[in-house]
Amino acid sequence: MKTSFRILVIVLLFILLAFIRFRESVLFYDPLTEFFKGNFLNQALPEINYPKFLLHLFFRFTINSLISLLILWVAFEERGIITFAALLYGILFVLLFSVFVVLLQTSEQEFMSLFYVRRFLIHPLFILLLLPAFYYYKRQSK
């Protein structure tokens with residue numbers, strides 16, 4: 001692929017990630033979005049349909065991860081990088097999802113840890129770390 005075309009595709013994929021972020025209230029069930037926009041430090045958690053919420057959280061992480069893996073594929077076209085990144089995304093999901101469920105069940109008044117773990121699950125932050133890391137790795141291995 002030509003470099004200019006690759007850059008265009010990567011930019012379009014980042015725009016797709018932004019579209020998902022800006023349309024999150026329409027695409028996904030997440031009662032914590034409005035909760036964290038308000039004065040949540042003095043409130044109790046809102047009523048949550050846990051199976052629906054956790055399923056939507058899983059779908060959102062999966063969609064963001066697949067788009068992120070596609071960005072990595074377009075950028076590097078190397079199967080080893082994609083395999084490693086996919087494994088990393090899987091491990092991070094299991095760890096963060098487990099911590100999130102425990103925090104969701106045990107948080108009485110301390111919601112900041114819940115807020116940050118949720119943020120890592122619903123936003124594609126890992127691509128911002130992996131893209132430069134793999135770029136550096138590729139440059140060093142030449």
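Guide: A helix here is a DSSP run of H or I with at least four residues, a strand is a run of E with at least two, and numbering goes from the N terminus. This is a predicted model: local features need pLDDT of at least 70, side-chain atom pairs count only at pLDDT 80 or more, and totals for chains, interfaces and linings use all residues. Residues are numbered from 1 along each chain as its sequence is written, and side-chain values use heavy atoms, without hydrogens and water.

Visitor: How many helices and strands are in the chain?

Guide: Seven helices and zero strands.

Visitor: Why are α1 and α4 called roughly antiparallel?

Guide: The axes (lines fitted to C-alpha atoms over the stretch in contact, with angles from 0 to 180 degrees between N-to-C directions) of α1 (residues 3-22) and α4 (residues 50-76) cross at roughly 170°. The cut-off is over 145 degrees, so these two helices are roughly antiparallel. Contact (heavy atoms within 4.5 Å) involves, among others, Leu13 and Phe14 of α1 and Ile67 and Ile71 of α4.

Visitor: What makes the nonpolar surface patch?

Guide: Met1, Phe5, Ile7, Leu8, Val11, Leu12 and Ile15, covering about 680 Å². To join, residues need over 30% relative accessible area and no salt bridge, with nonpolar side chains within 5 Å. Area is by Shrake-Rupley with a 1.4 Å probe; a salt bridge is a Lys or Arg side-chain nitrogen within 4 Å of an Asp or Glu carboxyl oxygen. Ile15 lies in α1.

Technical notes:
Angles under 35 degrees count as roughly parallel, over 145 as roughly antiparallel, 65 to 115 as roughly perpendicular and the rest as oblique. Patches are made of residues with over 30% relative accessible area and no salt bridge: like charges are joined within 9 Å, nonpolar side chains (Val, Leu, Ile, Met, Phe, Trp, Tyr) within 5 Å.
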